[in-house]
Amino acid sequence: MDIAHVESILSSHVGKREDLIEVLHKIQGVYNYLPEEALWKVSETLGTPLIEVFRVANFYKAFSLQPRGKHLVTICTGTACHVRGAPKFIDELKGQLNIEPGETTSDKSFTVETVNCVGACALGPIVIMNAEYHDRMSALKLRKLIEATKEKDKETTLHGEN
Amino acid sequence: MEKINIPDTLKSFAQRKKSELEQYETVITVPSGTCCQAAGSLPVLLSLQKAVEKKKLQSKVRIRVSGCQGFCEQEPMVVIEPGGIFYGRVKPEDVKEIVEETVINKNIIDRLLYADPVSGKKVAKEEEIPFYKLQDRTILGENKFIDPCDIGEYIARGGYSAFVKVITTLSPDEVIAEVKTSGIRGRGGAGFPTWKKWEECRNAPGEIKYVICNADEGDPGAYMDRSVLEGNPHAILEGMLIGAFAVGATQGYIYVRNEYPLAVKNSRIATDQARELGLLGKNILGTGFDFDIHISRGGGAFVCGESSALMESVAGKVGEPKPKDVHATERGLFNLPTTLNNVETWANVPLIIKQGGAWFSSKGTEKSTGTKIFALTGKIKNTGLVEVPMGTTLRRIIYDIGGGPQGGAQIKAVQTGGPSGGCLPTLKFELPVDFEALSAAGSMVGSGGMVVMDDHSCMVDVAKYFLTFLQDESCGKCVPCRIGVDRMLEIITDISEGHGTMEQLDLLEEVSEAVAVGSLCGLGKTAPNPVLSTLRYFRHEYEEHIKNKRCSAGVCRELIHYSIDKEKCNGCGLCLKACPHGAVTGKKKKIHVINNELCNKCGICKEQCKFDAVILS
Amino acid sequence: MPEYVNVTIDGAKIRANKGTSVIDVALEYGICIPNLCHMKDLNPIGACRLCIVELVEGGRSKVTTSCTLEAKEGMVIFSHSPKIVETRKLIAEMLVAEAPNSRAIQDVAVRCGVTKVRFPFRNKNCVMCGRCVRACTEIWRSQSLGFVGRGKKRHVALPFHERPDFCKRCWYCVDICPMLITPCDGPMEPGNEYLCNKCESQLTMALESPDTCIQCRLGKGFGCPRGVTQE
């Protein structure tokens with residue numbers, strides 16, 4: 001982890017304690033999680049006690065203190081999606097990837113999360129794959145999506161790109 | 001863009017913009033809010049842009065990318081003016097025909113028209129579609145005419161003229177008086193009279209004050225605020241400008257939940273453009289009024305929709321609600337006087353100033369004035385956003401506008417108000433939707449979510465779902481909510497798994513009372529509502545789970561059983577392939593069998609079977 | 001020149017120093033309001049909800065914690081209305097079920113009138129009263145402890161679960177923890193928890209005069225600011 005990069009992100013937020021959440025979003029945007037070393041730097045630069053930075057990083061669901069997988073699969077578990085069968089997707093992903101929500105596959109390729117409503121309720125059930133929304137999903141469609149993603153990964157590694 | 005330095009120049013700017021837009025012969029609006037994009041509106045948009053370019057029609061045809069228009073069931077859709085021709089469920093492949101036939105030759109493509117689910121008739125004009133016709137789309141209707149990323153369109157529609165009226169002709173007290181005449185009550189759920197909040201804040205001692213827009217909209221099933229903020233952010237900016245003037249604030253915040261990235265993006269663009277034009281910042285329009293707005297992004301916490309928790313979050317802290325012995329209007333954000341209102345409340349403010357408080361209060365009921373946007377979802381034909389005057393009955397919303405049940409089932413209940421609300425059975429559908437009536441019945445208007453459930457929903461499971469949600473989202477500070485909700489969930493889980501007792505039902509009610517009385521914040525205080533309302537109207541379902549260990553809706557996994565009908569199974573193997581738990585065994589063309597030890601009752605096999613051979617008992 | 005305010009608590013007209021919290025006013029006067037997270041010298045957070053009272057204003061009553069409520073002129077407060085007593089009793093019952101291995105919690109439950117526990121015991125060793133967290137931040141100012149996580153997962157933790165250099169190792173956090181002293185009969189094993197109730201006689205007194213300080217042994221258990229004079 002390049003501490004200079006973190007310092008440059010923090011440069012416009014020196015001493016601004018109210019910017020903590022935005023700063024954590026930016027850091028996670030770069031590293032795909034919040035490294036401990038970065039958080040020490042955040043505490044130092046913003047002037048926020050380390051325990052408070054740690055608290056905020058743990059409180060909000062968007063932040064992860066553990067490295068996440070390459071692909072983030074988010075299942076919407078809002079009321080409308082629940083009523084339209086979202087719980088089945090958790091079963092499907094258990095079958096496909098052998099992990100529960102909140103976990104990452106051992107090869108670090110997939111992380112599964114749930115989110116309590118993304119606001120696209122009329123088109124539920126919704127699954128978000130890496131910031132792309134997929135509407136009117138079913139267990140079968142989800143299986144196909146996971147398989148397609150795995151295929152694409154295999155292709156890129158075959159061609160030598162990572 | 002050049003800055004507008006005096007109020008009068010706004011009018012000429014608006015004129016210029018209007019004439020600019022009027023030079024186009026045809027305007028095609030492509031709604032591209034989050035849900036529209038999820039349905040695939042972007043490929044349609046791209047095809048449309050390419051097709052227009054190919055036919056060299058750029059100077060004659062304008063493509064407007066708008067926000068959500070609320071008729072989500074039909075997305076992706078396009079609306080073509082003049083004529084208001086509405087095409088639903090459009091695919092990129094249809095675009096070529098649309099451009100050739102409708103844009104150039106002015107012909108209507110029948111197969112893309114909306115067909116009314118009740119009469120079967122095709123409707124060509126958007127304004128004739130029953131879903132829209134039965135609504136009063138005061139706020140939502142504007143989305144059609146506006147590209148949220150172009151402040152010019154908002155101004156051309158008369159935007160910011162209400163603010164100009166306020167800053168040049170009205171005093172803060174007069175503004176508050178107009179809001180009082182309108183009778184508007186907070187649209188976020190609590191229904192607190194808006195004028196009262198503003199007046200308290202105005203009278204609070206202190207030089208520095210804040211106005212906040214609560215765009216946290218955490219209620220699952222509610223997305224009205226998202227659509228308004230994404231599709232017409234300037235309406236909120238204008239509302240906040242007026243509010244800031246009325247209470248004496250110089251800084252505003254829009255707190256947008258993290259799960260709404262497009263709303264965050266569009267509101268940032270809007271504030272940037274407003275600042276460029278001189279409508280935000282120092283000495284706005286040369287009047288000496290300073291005000292700016294910062295967009296704060298949430299981190300993923302439902303409790304941050306609670307006003308004191310939201311303010312903690314804006315301050316960069318953990319979103320834990322604070323005791324409300326002193327109102328936020330006296331000590332709120334950074335311990336200074338703060339006025340916090342919901343997105344929809346702010347969006348109504350410019351209209352109230354422009355058309356008058358009396359206009360607003362002429363709609364709705366005596367105590368609940370104006371219109372309200374509802375998110376109608378679930379097992380219903382026309383899912384989407386519905387804006388109606390307060391006091392409209394549930395029946396009208398669900399059956400007339402919503403089109404009735406989907407899939408041939410019977411509607412059993414409607415859940416309103418999100419996790420703070422409750423479930424109302426069909427016999428309560430004559431109730432008018434207003435603050436008092438729904439609260440008296442055991443639910444609440446809340447932020448506006450309305451989820452329709454049919455007899456495939458188990459009400460014990462619904463209560464369990466909401467308790468699980470609240471347990472996950474509780475901040476955990478106070479005992480009644482942290483431990484109480486958890487204990488309630490413990491009892492309901494026992495009931496849903498078939499080992500509940502009738503004594504536990506009594507205990508459940510007792511704990512519910514204590515949680516409602518003793519909790520620190522609104523999340524905890526209203527947490528028992530889903531349980532209490534389902535106990536009130538669907539007690540028989542609880543008793544059935546306890547006494548007969550049966551779940552009639554076929555939902556509670558411990559009480560259901562999947563098996564394969566030997567007569568109907570033809571050994572196609574689809575269920576075997578689909579089962580994520582490896583619980584189905586069988587050879588090709590031979591009858592398949594479900595292993596009950598491995599079966600997790602997810603029901604995916606039943607979904608796949610084309611021969612109706614999977615039995616749910 | 002100290003300023004005073006006049007308040008009415010449970011019918012008694014009391015003159016109190018301006019800026020005092022309602023619970024302090026009540027306790028000093030001799031009205032018993034059970035509490036757990038309340039501690040002298042610490043900022044109140046209203047977390048345990050045991051000290052709830054009804055504040056009557058303009059014909060309407062509001063339930064709030066007396067530790068966070070500042071006594072203002074003319075306030076009318078009820079600390080033992082039926083609704084409050086019922087709610088407080090259930091909260092105390094839940095606390096005992098959560099952490100029976102604390103004499104303080106057992107005592108406070110008895111004082112609140114709990115005679116049976118209807119929830120499965122959980123035998124936790126923290127109820128998130130926040131005394132340690134507040135003491136670390138406000139008194140010792142080392143800010144090494146905080147509440148981490150949300151809802152059920154909330155727990156007291158050090159930053160990244162490691163004691164940092166700036167922890168002063170004063171161990172005050174341990175001293176003031178209500179879990180420090182186990183019930184009189186010793187620690188309860190998981191599976192063998194029970195409502196202690198040894199001070200049964202104290203319960204009788206407590207039920208007879210729920211709102212009056214009876215200088216009971218129970219107070220010693222939960223660190224009541226009124227202290228105990230008989231031992």
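**Figure 1. Contact between domains 3 and 4 of chain B.** In this predicted model, 12 residues of domain 3 of chain B are in contact with 14 residues of domain 4 of chain B, two residues being in contact if their C-beta atoms, placed from the backbone, lie within 7 Å. On the side of domain 3 of chain B that touches domain 4 of chain B, strand S14 (411–416) and strand S15 (422–425) of chain B are the elements that give two or more residues. Helices (H or I, at least four residues) and strands (E, at least two) are DSSP runs, numbered from the N terminus. S15(B) provides the largest share of this side, four residues. By class, the side of domain 3 of chain B that touches domain 4 of chain B has six nonpolar, six polar and no charged residues; Ala, Val, Leu, Ile, Met, Phe, Trp, Tyr, Cys and Pro count as nonpolar, Asp, Glu, Lys and Arg as charged, and the others, Gly among them, as polar. The C-alpha centres of domain 3 of chain B and domain 4 of chain B lie 22 Å apart. Chain B is divided into domain 1 (23–135), domain 2 (151–361), domain 3 (371–454), domain 4 (459–548) and domain 5 (561–616), with bounds that come from an automatic or database domain assignment.

Conventions for all panels: residues are numbered from 1 along each chain as its sequence is written, while chains are lettered from A and ligands numbered from 1 in the order in which they are written. As this is a predicted model, local features need pLDDT of at least 70 and side-chain atom pairs count only at pLDDT 80 or more, whereas totals for chains, interfaces and linings use all residues.

**Figure 2. Surroundings of Ala274(B).** Ala274(B) is placed in helix H12 (residues 261–277) of chain B. This residue counts as buried because it has 23 C-beta neighbours inside 10 Å; a residue is buried if 20 or more other C-beta atoms lie within 10 Å of its own, exposed if 12 or fewer, and partly exposed in between, with C-beta atoms placed from the backbone. When neighbours within four places in sequence are left aside, Ala274(B) is in contact with Ile151(B), Leu237(B), Leu279(B) and Leu280(B). His234(B) and Ala274(B) are 40 residues apart in sequence, and their C-alpha atoms are 8.3 Å apart in space.

**Figure 3. Contact between chains B and A.** Chain B contributes 49 residues to the contact and chain A contributes 41 residues. On the side of chain B that touches chain A, at least two residues each come from helix H2 (34–39), helix H13 (307–314), strand S12 (371–378), strand S16 (449–454), helix H18 (459–473) and helix H24 (604–608) of chain B. H2(B) gives the most to this side, with five residues. The side of chain B that touches chain A divides into 21 nonpolar, 19 polar and nine charged residues.

**Figure 4. Open sheet of chain A.** Four strands of chain A form an open sheet in the order S2-S1-S3-S4, and the pairing is mixed; two strands pair if DSSP finds at least two bridges between them. Strand S2 (110–115) and strand S4 (132–134) of chain A stand at the edges, each with a single partner strand, so one side of each has no neighbour in the sheet. Direction ignored, neighbouring strands of this sheet are turned by 25° against each other on average. Axes are lines fitted to C-alpha atoms, for helices over the stretch in contact, and angles run from 0 to 180 degrees between N-to-C directions. Strand S1 (residues 71–76) and strand S3 (residues 127–129) of chain A pair in the antiparallel sense over three bridges. Within S3(A), Ile128(A) stands opposite Thr74(A).

**Figure 5. Contact between chains C and B.** The contact takes 24 residues from chain C and 24 residues from chain B. Strand S4 (60–65) and helix H2 (82–98) of chain C each supply at least two residues of the side of chain C that touches chain B. H2(C) gives the most to this side, with seven residues. By class, the side of chain C that touches chain B has 11 nonpolar, six polar and seven charged residues.

**Figure 6. Domains of chain C.** Chain C is divided into domain 1 (1–118 + 184–231) and domain 2 (131–175). The centres of these two domains of chain C, taken over C-alpha atoms, are separated by 26 Å. Five residues of domain 1 of chain C are in contact with five residues of domain 2 of chain C.
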